[in-house]
Amino acid sequence: MSDGGTQRQILVGETADGANLKLPVVELLTGRGFVTGKSGSGKSNTASVIAEELLEAGYPLLIVDTDGEYYGLKEEYEMLHAGADEECDIQIGPEHAEQMATIALEENVPVILDVSGYLDESVADELLREVARQLFVKEKKMKKPFLLVVEEVHEYIPEGGGVGETGNLLIKISKRGRKHGLGILGISQRPADVKKDFITQANWLVWHRLTWDNDTKVVGRIIDTEYSELVADLDDGQAFVQTDWTEADVRKVQFRRKRTFDAGATPGLEDFERPELKSVSDTLVGDLQDISERKDREQDRINELENELEKKEKRIETLEDELSSARDVSSAARQMADALQNTDTVQSELPGSSDDLRRLHEEIAELETERDELREALDARDDRIEGLETELAAREDELSTLRTNNEQLREVVRDLEREGADGNGTAESGIDDESPILQAGGDDIEFGYTPVGTGAGSDSESGANAAVTDDSTLVVADEERELAELLEIPWVRDRVTRACEGSQCSVGAAREILAVFAEDGPLEAAPIAARVNRSTVAVQSLLSELRTDGILERTGERTYALSEDVRAELTHSSAGE
């Protein structure tokens with residue numbers, strides 16, 4: 001792998017003003033990314049460009065290829081192309097999942113996991129799920145920057161339908177993978193079909209051309225309403241780029257063309273020539289083939305034992321029929337002998353003698369013993385498999401419980417910090433020395449506080465309506481009470497709550513943000529995010545929702561303020577005092 005000090009950023013395109021667009025490697029490898037755009041707009045090219053630059057810098061990654069269009073990367077880079085087709089380096093199944101994660105993480109071999117060739121979709125789904133699970137488990141120990149790229153991510157985490165086990169695992173990686181070094185990049189041509197939680201939690205997003213109304217509405221809600229129209233006019237390869245690690249909110253970018261063979265291009269009438277592709281070592285492929293052969297041998301042995309068991313059971317049925325017939329003949333002989341009162345003579349002349357019966361009994365006993373032994377062998381194998389599956393499930397349940405408890409403890413800490421920030425807390429409770437001082441009535445002497453810089457004239461203004469000096473940024477209790485009363489007005493409270501549900505911010509964060517607007521007036525998203533300690537993307541999503549619901553209004557380019565109706569309510573509340 002290349003030296004981290006010289007490969008901190010990768011060049012992927014140019015901004016509208018002609019400057020190079022460079023993306024930080026660590027943020028790409030460990031962050032949560034989302035690339036979208038309609039077919040032909042350049043989204044897959046953008047994903048390939050990012051992959052090329054990471055591979056060029058020596059960083060491994062794993063690409064989940066749903067359409068078989070990424071193998072062209074092998075034109076320049078040694079990658080393991082694994083899937084179901086004969087064109088792949090190796091044909092694999094879910095039993096190879098752990099080895100695939102080991103190859104990618106521990107042996108630093110980039111992997112194209114091609115799930116396009118599986119006729120049974122459940123097999124492809126299980127393969128992706130188990131590989132992702134193994135990556136997550138191994139990264140908890142290794143903590144190595146690594147990127148998981150998932151094409152057509154809406155198939156696994158749809159907005160409208162149910163999210164299956166694989167989708168839940170991908171969402172888990174998007175929420176918790178970063179602290180272990182495991183990042184995820186989701187790619188889709190229909191953002192409206194992708195679960196909104198995944199998009200709003202992304203810390204870098206690339207919006208190529210979109211024309212469907214449902215898709216452009218998503219752009220308006222995540223970025224701003226003005227971009228819902230602009231995104232439809234983008235040329236091929238152009239995109240709006242939104243990142244958490246830069247001060248600029250949105251940049252218009254022209255991504256460069258990929259260098260490697262475009263395996264996903266629409267076939268034309270010109271001659272098609274597949275380039276010479278690089279291959280990984282035979283030893284690596286051989287290790288994976290050993291797993292397949294071992295599984296095949298185990299399955300053949302199971303089939304052999306089952307066939308042998310079936311033959312034994314059929315033989316037992318035949319002998320039992322013969323024994324039943326012999327018993328019938330013997331019974332008839334005894335009855336005849338009794339009737340003739342010459343039992344010994346008759347039985348010696350009739351079939352079904354005691355020697356024949358004894359022979360049949362012995363052969364049946366031997367076959368039943370062999371049958372029982374075969375059944376015991378199969379039962380022991382099943383018990384072992386069931387025991388291992390139970391142990392694995394118990395460990396997963398235990399890990400899930402520990403993670404849930406850990407998340408609950410984190411939430412308690414965040415609640416305590418917010419409670420400290422809302423009250424008269426100290427530095428230990430999350431309130432720093434620059435926090436506003438709230439007065440609940442009375443004069444400064446009663447509370448043991450004298451405003452700084454008021455001078456001699458400050459005594460003329462006391463009580464609940466004490467003035468704020470030039471050197472102070474105090475919020476007086478009356479203002480706090482007015483804002484609290486405003487937020488309890490049904491139409492205001494309902495719209496704020498609805499805006500929070502459609503954004504990345506909680507109601508508590510919305511209250512903090514509205515308090516900033518009430519105190520300082522028109523502001524942009526970036527300074528507000530700094531004031532309330534939230535990401536710019538999260539704050540921008542809330543501002544867009546609040547503007548849609550009439551709580552905020554636009555006063556300039558990317559500048560927001562309380563709407564006229566809300567300001568009127570504040571004025572009315574103040575006058576009512």
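In which helix is the place of Lys140? I looked this up and found Lys140 in helix H4, where helices (H or I, at least four residues) and strands (E, at least two) are DSSP runs numbered from the N terminus.

**Ground rules**

I noted that this is a predicted model, in which local features need pLDDT of at least 70 and side-chain atom pairs count only at pLDDT 80 or more, while totals for chains, interfaces and linings use all residues. Residues are numbered from 1 along each chain as its sequence is written, and side-chain values use heavy atoms, with hydrogens and water left out.

**Lys140**

I read Lys140 as partly exposed, because its relative accessible area is 23%; buried means under 20%, exposed over 50%, and partly exposed in between, with a 1.4 Å probe and protein chains only. I then listed its contacts (heavy atoms within 4.5 Å), and, leaving aside neighbours within four places in sequence, Lys140 is in contact with His180, Leu399 and Arg403. Lys140 and His180 are 40 residues apart in sequence, yet their C-alpha atoms are 5.3 Å apart in space.

**The whole chain**

I found 17 helices and 15 strands in the protein chain, and of its 577 residues 42% count as buried. Among the contacts with a separation of 6 or more, 68% are between residues 24 or more positions apart.

**The sheet of 12 strands**

I traced an open sheet of 12 strands with mixed pairing, in the order E2-E1-E12-E11-E10-E3-E9-E8-E4-E7-E5-E6; two strands pair if DSSP finds at least two bridges between them. Its edge strands are E2 (20-24) and E6 (90-91), each of which pairs on one side only.

I next followed strand E4 (residues 61-65), which pairs with E8 in the parallel sense over four bridges. Along this pairing, Leu62 stands opposite Leu148 in E8, and Val64 stands opposite Val150. E4 also runs parallel to E7, joined to it by four bridges, and there the bridge partner of Val64 is Leu113.

Is E4 mostly covered or mostly open? I counted five of its five residues as buried, and E4 is mostly covered. In a regular strand the side chains alternate between the two faces of the sheet. In E4, Leu61, Ile63 and Asp65 point one way and Leu62 and Val64 the other way, and all are buried.

Helix H3 (residues 97-105) is mostly covered, with seven of its nine residues buried, including Met100, Ile103 and Leu105.

**Glu151**

I placed Glu151 in the loop between strand E8 (146-150) and helix H5 (165-176). Glu151 is buried yet has no salt bridge, and Lys43, the nearest side chain of opposite charge, is 4.3 Å away. For this I took a salt bridge as a side-chain nitrogen of Lys or Arg within 4 Å of a carboxyl oxygen of Asp or Glu, with Lys and Arg counted as positive, Asp and Glu as negative, and His and the chain ends not counted.

Which side chain does that of Glu151 join in a polar contact of 2.7 Å? I found Tyr70, a polar contact being a pair of N or O atoms within 3.5 Å, where within protein one must be able to donate a hydrogen and the other to accept it, and residues adjacent in sequence count only if both atoms are side-chain atoms. Beyond its neighbours within four places in sequence, Glu151 is in contact with residues including Ser44, Val64 and Ile187.

**Asp215**

I found Asp215 in helix H7 (residues 213-222), and it counts as buried because its relative accessible area is 1%. Its side chain makes a polar contact of 2.7 Å with that of Arg190 and reaches the backbone nitrogen of Ala192 at 3.1 Å.

**The sheet of three strands**

I ended with an open, antiparallel sheet in the order E13-E15-E14. Strand E13 (523-524) and strand E14 (552-556) each have a single partner strand, so one side of each is left without a neighbour in the sheet. Helix H14 (residues 507-520) lies across E13, E14 and E15, running at about 85° to E15.

Definitions and conventions: Axes are lines fitted to C-alpha atoms, for helices over the stretch in contact, and angles run from 0 to 180 degrees between N-to-C directions.
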